[in-house]
Amino acid sequence: MNTYIEGILILAGINLMAVLGLSLLTGFTGLFSFGHAGFMAIGGYTSAMLTVKFHWPFIPALLVGGLVAALFSAIIGKVTLNLKGDYFCIATLGFGEAIRLILDNVQYFGGARGWPGIPNYTNLWNVLGINLVAVLVLANLIRSRHGRNMIAIREEELASQIVGINVFKHKITSLMISASYAGIAGGLMAHYMTFLQPKMFSLVKSTELTIIVIFGGLGSISGSVLGALVLTALPEVLRSFSQWRLVCYGLAVIIIMISRPEGLLGGYELTPSSMKKLYNRLRLKKQAGKQGLEGGDIQ
Amino acid sequence: MNILELSGLTKKFGGLTAVGNVDFKVKKDSITGLIGPNGAGKTTIFNLITGVYKVSEGKVIFCNKNITNKEPYQIAEIGITRTFQNIRLFKRLSVYENVLIACHKNASYSILDSILMMPKYKREEKQLKLQANELLEIMGLSDRRELIANNLPYGLQRRLEIARALALKPQLLLLDEPAAGMNPDETEQLMLLIDDVRKKFQLTVLIIEHHMDLVMGICEEIMVLNFGCKLAEGTPYDIQNNPKVIEAYLGVEG
């Protein structure tokens, strides 16, 4: 395969991994986070440390990276998840920036100059495999009582408490799973770029992830997949416009948000059964239309 | 036997005493009414019982156990559930999902079980599905199970909220103005529903209501609240003839 296209697909896959995690938190649990780049950084640096300095194999290093990110999120969640609404969002923003600034000053990881020489382990196939597993895990989770409890919290927090849902526990679970996804994405990124620099995990990265989730549609896993593919590929497709590239990107996002405020697939999933349903409905509509014309009984 | 006992229950918001030193008992298997003018503190009492607000002073005792200041989800597990004055459904979810989510406490599979689709997950999911469908059947909502809750007519939204509460298999059901915004005909139907539900599910019902027909019609005991304090307590007949209650509702004759 063309290495250029392969590169774009790998980047989209890395973004997708982080976006899937954020999708659980934002799309299904209703908590906005602007600190997910921070979790990516933690996962990235941890896994790179394990492969470079301790010569671990790739996959265990990735998983431990995700785990460490989840641990950090548990600490953050413990102190901030009792905050209502926007305050949690601000707290995550602060967290993300704090992680970046701390890494800027840790000389063990190369500080602000960055850390070159990380082995190139990430390829299209392991990115694809990991994303496949990630989607399956997420889909199964969403369709379980745990996932439905998270959705209930998103819909109506007070009512979900009254029907016996431990809101805090479910929020923190959602946050931890979400952060571990971001952590694994960070690890993939480190071993694809073969270079890490705290600047890669700035607020811009967190915002990009949130934009993808909203663009794809809140509460839709397939929407997140579509969003990650489209919004990672778009800047590359637009490369020939050079300086107008980011303007086009912004416009595309704005146009989608105006014409479909719920995002590309807000609340819907593209599964074989839902496609079949849609197909049947369209066919019925067509038939109804035909009958109406033939019978001439439309008033 | 008393299922619920409030003793010296007090809630202060800063300098304002919303509920002051209320003593109150609810008999098991009864339908008890809680009435009073607007702002008397009726809903606050519900919020105190269900743990939505923290109690300032006093105790809430349920089945001889002290449940003061427990978290709302713990109260639900103990066996008390409620509906809200302004309906709080999971608006964008289907009727079926609304009830299904409330059935969750009967399942115990872990996150790992669900991710790996273990037999336990499948078995318990099937069980939950059955329970939810059964409840929808009893409440006469099964023909609308796929509708989005927000698109239901108002009366049915109330009914769904009660169905969702019943899914928890509570011992005590708190209804906060269930007939608000209903016409006399719908109120009549609601009365029958409440009575029916109580018998079928062997519940004790505590109900806040302004429709006096409903309160006087189905309640066996009534407590009247005014400015956060207990004004009177007794049978509907006692309450109707209590001069203090008449004064609170209608004022004194000049």
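How many residues does helix H8 of chain A have, and how far does it reach from its first C-alpha to its last? Helix H8 (residues 167-193) has 27 residues and reaches 39 Å, close to the 39 Å expected at 1.5 Å a residue. That expected span is 1.5 Å times one less than the number of residues. Helices (H or I, at least four residues) and strands (E, at least two) are DSSP runs, numbered from the N terminus.

A quick word on the model: it's predicted, so local features need pLDDT of at least 70, side-chain atom pairs count only at pLDDT 80 or more, and totals for chains, interfaces and linings use all residues. Residues are numbered from 1 along each chain as its sequence is written.

Back to H8(A): 22 of its 27 residues are buried, so the helix is largely enclosed by the rest of the structure. Buried means under 20% relative accessible area (1.4 Å probe, protein chains only). Just after H8(A) comes A:Thr194, with a positive phi of about 55°.

Now for chain B. Here you'll find an open sheet of six strands in the order E6-E7-E8-E3-E9-E10, with mixed pairing. Two strands pair if DSSP finds at least two bridges between them. The edge strands, E6 and E10, each pair on one side only.

| Strand of chain B | Residues |
|---|---|
| E6 (edge) | 80-82 |
| E10 (edge) | 229-234 |

E6(B) runs parallel to strand E7 (residues 172-176) of chain B, and three bridges join them.

Notes:
Chains lettered and ligands numbered in written order. Heavy atoms only, no water. Buried < 20%, exposed > 50% of the residue type's maximum accessible area, 1.4 Å probe, protein only.
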